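Student: Could you take me through the aromatic contacts of this protein, ring by ring? I would like a close look at how the rings pair.

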Amino acid sequence: MRYAICFTPSAGNPLALAAASWLGRNVFSGLPVEHPSLRGIGLHEIAFHTALPRRFGFHATFKAPFRLSHGATEAAFLNDLMLFADRMDPVLLQGLRVGRIGDVYGLILDRPCPAVDHLAASIVQVFDGFRAPLSEAEIERRNPDRLSAPQFSNLNRWGHPYVMDEFRFHMSLTGPLLGRDFARIEEAMKIHFDPALVEPIVIDHLALFVEAEPGAPFQVHSLHPLGRIANRRIA
């Protein structure tokens, strides 16, 4: 079992519904969802380009997937996550839009957001005691030779290269694309997602994701509202 601390909109949110359709899977129920019919891109193309993010589900990662450390229990982890969420304030995400990071598309912020950076860094630090050390195979899968010095340091210290100063809020929606397809697929994605992004998105809870076994799809386990003591079990 692996766990990840993330953000994903609540199940009925228009953005969550748009993302489930685009990716072809509902991250709450785990059930398949029909892809949208969009001008300029076929259903088979959407299915192909979303294969990688479909397994992980629609989310922004704060604490990357990890196994519990020796002696740690799920009950203790859940209790600490609930208490942590109660102490943190919701974060308004202004300027969330369809955009590209390298050759991958997703939802990104068009301006810095110190509040979300602080939230992400706090989660990485507070819950690192629950994280089992990476195996050599897990380190190699991160292609350490391709990482910058700060990213390599993060990988060894925190178990993931893109944390702290290297963190960039994003919600992946495709795998790697060819440059010749960028404009066409971006236009289709904007048509599909822009109506769900008219109203600002608020991070008002943390989502605990679980991978039941290696290679299994990630699914929402529970939501932990920020700023109030409450916990709603999803699965």
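Tutor: Happy to! Rings of Phe, Tyr and Trp (its six-membered ring) pair if their centres lie within 6.5 Å; planes under 30 degrees apart count as stacked, over 60 as edge-to-face and the rest as tilted. This is a predicted model, where local features need pLDDT of at least 70, side-chain atom pairs count only at pLDDT 80 or more, and totals for chains, interfaces and linings use all residues. Residues are numbered from 1 along each chain as its sequence is written, and side-chain values use heavy atoms, with hydrogens and water left out.

Searching the whole structure gives 11 aromatic pairs. One of them joins F62 and F167, tilted at 45° with 6.3 Å from centre to centre. Because F62 belongs to strand β2 (residues 60-66) and F167 to the loop between α7 (149-158) and β6 (170-172), this pair ties together parts 105 residues apart in sequence. (Helices, H or I of at least four residues, and strands, E of at least two, are DSSP runs numbered from the N terminus.) F62 is buried, at 3% relative accessibility, and F167 is buried at 8%. Here buried means under 20% relative accessible area, exposed over 50%, and partly exposed in between (1.4 Å probe, protein chains only).

F77 and F130 make another tilted pair, with centres 5.3 Å apart and planes at 50°. F77 sits in helix α4 (residues 74-87) and F130 in the loop between α5 (114-126) and α6 (136-141), so parts 53 residues apart in sequence are tied together. Both F77 and F130 are buried. These two also belong to one aromatic cluster with Y3, F66, F84 and F127.
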